[in-house]
Amino acid sequence: MSALTSKLRRDLWRIRAQVFSIAAVMAGGVMTVVALGGTSSSLDSATREYYLSGHFADVFATLTRAPDAVAVRLAAIPGVNSVATRVVKDVRLDVPGLDMPAIGRMVSLPVPGSEGVPLNAVRVTSGRAVLPGADKEILVSGRFAEANGLRPGSLLTAIINERYVELRIVGIGAAPDFLYEEPGNAFPSDARGFGILWVPHELAAAATGMRGAFNDVSIGLAAGARPSEVIAAVDTLLAPYGGRGAIGRKDQLSDRVVSNELNQMGVMAFAFPAVFVAVAAFLVGSVVSRLIATEREQIAVLKAFGYTSGAVGLHYLAYAAAAAAVGIPLGIGIGVWVGRLYTGIYSDVLRIPGLQFHADWVTIGRAIVVIFLAALSGALNAVRKVAMLPPAEALQPPAPARYRALPFDAIGSRLALSTPVRMIIRGLERQPQRALLGAMGVAAALAMMAGALSLY
């Protein structure tokens with residue numbers, strides 16, 4: 001073992017508290033990249049795959065009532081590839097164990113044997129599909145079923161047209177247009193109070209008096225079609241039937257919530273690690289600078305015994321590398337664990353089939369390189385001074401700082417401030433960069449706290 005290696009091991013143990021504090025900051029930066037970046041990419045890929053397999057529509061419109069023949073006219077609009085009409089109505093539900101009536105959004109299933117692409121296809125995740133001709137069998141959304149302890153075989157009582165109708169749950173379903181379940185008029189405080197019911201078309205039509213008619217339509221666009229033009233044509237066509245204004249996919253409630261979550265995680269995955277990187281670079285520079293200041297004589301002896309400036313410089317850069325070697329693996333491990341927790345939360349809320357956490361190793365690799373280089377850059381300024389320091393000069397104590405009269409010295413004496421206050425202000429005046437960095441550190445800490453707490 002060389003003398004520098006032995007010295008490095010001895011010094012790392014002596015300043016282990018500082019090294020582990022730097023490693024903890026680096027671990028925090030890596031953790032946020034792994035957790036937020038992995039959750040974001042997992043959510044994005046699972047959503048895209050589900051949208052594709054479930055034939056998620058591109059344009060949505062609600063109306064008062066239109067005959068089924070209008071669907072043919074909608075399909076004739078330039079740029080329209082497929083049209084799916086249905087009946088949607090909110091009904092009150094008598095749920096076992098629930099004191100207050102719940103609200104169920106009754107959505108009609110496609111008529112068996114209907115032609116065309118099944119837009120917003122319902123996927124059965126548990127149980128079975130509704131059998132043809134079974135007018136009292138339904139599918140319910142997973143979040144609502146889990147919150148109320150419902151499962152295939154359970155019974156629900158719905159109040160439809162002032163009549164009690166007993167419905168049998170035969171399966172748990174999911175659809176791309178209802179990944180996020182919300183009644184539309186208020187944010188639900190309890191998942192037990194609102195759910196999606198997919199019911200046979202005949203049941204929904206009879207309950208709403210819409211046999212041969214519809215009040216909700218989804219449209220799939222052809223490649224290259226402009227959504228704005230199709231939306232304008234749909235609004236014109238549905239206006240006589242009480243159309244409430246068609247919207248594109250980006251304005252559809254469920255997709256908008258998912259997109260906002262992805263955007264939010266993307267911002268946090270960039271902003272939070274940037275703060276950690278800056279703090280880590282500052283800490284490394286501070287620790288290495290102080291270490292070099294106390295070891296000037298040792299540096300002189302090492303150079304006098306033949307160690308090159310490069311060897312001595314790499315020796316002090318090794319302190320930053322040691323902190324990174326501890327912090328980066330720790331951050332990856334914690335980040336994977338936290339990422340699985342995040343993904344589990346989104347899976348519980350959004351119910352995206354196949355959503356599982358997968359670490360984005362390309363992004364993680366880039367983050368590791370950036371954090372490692374930031375740690376080294378924090379120590380480079382101090383190491384550069386070591387490399388340029390001749391042995392004879394290193395044996396002497398550092399030159400004292402230059403002091404001069406500053407504007408506040410004269411003003412402070414006239415204001416009759418106490419000596420401690422004058423010393424504090426004079427220190428801020430003589431070290432403005434250090435004061436600015438301290439203020440920025442406090443600001444960054446408060447920003448991170450405010451950002452994290454605002455998520456609740």
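Student: Which residue in strand 8 stands opposite Glu 137?

Tutor: This is a predicted model, in which local features need pLDDT of at least 70, side-chain atom pairs count only at pLDDT 80 or more, and totals for chains, interfaces and linings use all residues. Residues are numbered from 1 along each chain as its sequence is written, and side-chain values use heavy atoms, leaving out hydrogens and water. Strand 6 and strand 8 (residues 163-174) run parallel and are joined by 5 bridges; strands (E, at least two residues) and helices (H or I, at least four) are DSSP runs numbered from the N terminus, and two strands pair if DSSP finds at least two bridges between them. In strand 8, the residue opposite Glu 137 is Arg 168.

Student: Which residue in strand 9 is the bridge partner of Leu 139?

Tutor: Strand 6 (residues 137-141) and strand 9 pair in the antiparallel sense over 2 bridges. Phe 194, Ile 196 and Trp 198 point one way from strand 9, while Gly 195, Leu 197 and Val 199 point the other way. The partner of Leu 139 in strand 9 is Trp 198.

Student: Which residue in strand 9 is the bridge partner of Arg 105?

Tutor: Strand 9 also runs parallel to strand 4, with 6 bridges joining them. Strand 9 (residues 194-199) has 6 of its 6 residues buried, so the rest of the structure largely encloses this strand. Within strand 9, Arg 105 has as its bridge partner Ile 196.

Student: The side chain of Asn 120 makes a polar contact with the side chain of which residue?

Tutor: Asn 120 sits in the loop between strand 4 (102-108) and strand 5 (123-127), and Asn 120 is buried because its relative accessible area is 5%. Contact means heavy atoms within 4.5 Å, and, not counting residues up to four places away in sequence, Asn 120 touches residues including Phe 60, Arg 86 and Asp 177. A polar contact is a pair of N or O atoms within 3.5 Å; within protein, one must be able to donate a hydrogen and the other to accept it, and residues adjacent in sequence count only if both atoms are side-chain atoms. At 3.0 Å, the side-chain partner of Asn 120 is Ser 218.

Student: What is the order of the strands in the open sheet of 4 strands?

Tutor: Strand 1 (residues 59-67) and strand 10 (residues 213-221) run antiparallel and are joined by 6 bridges. In one of these pairings, Ala 61 has Val 217 of strand 10 as its bridge partner. With antiparallel pairing, the order in the open sheet is 2-10-1-11.

Student: Which are the edge strands?

Tutor: In the order 2-10-1-11, an edge strand pairs on one side only. The edge strands are strand 2 (80-86) and strand 11 (247-248).

Student: Is Asp 11 buried or exposed?

Tutor: Asp 11 belongs to helix 1 (residues 3-14), and its side chain makes a polar contact with that of Arg 14 (3.1 Å). Leaving aside neighbours within four places in sequence, Asp 11 is in contact with Glu 295 and Tyr 319. Its relative accessible area is 3%, so Asp 11 is buried.

Student: At roughly what angle do the axes of helix 8 and helix 9 cross?

Tutor: Axes are lines fitted to C-alpha atoms, for helices over the stretch in contact, and angles run from 0 to 180 degrees between N-to-C directions. The contact is made by Ile 299, Leu 302 and Lys 303 of helix 8 with Ser 309, Val 312 and Tyr 316 of helix 9. The axes of helix 8 (residues 296-304) and helix 9 (residues 309-350) come within 10 Å, and the crossing angle is roughly 140°.

Note on methods. Buried < 20%, exposed > 50% of the residue type's maximum accessible area, 1.4 Å probe, protein only.
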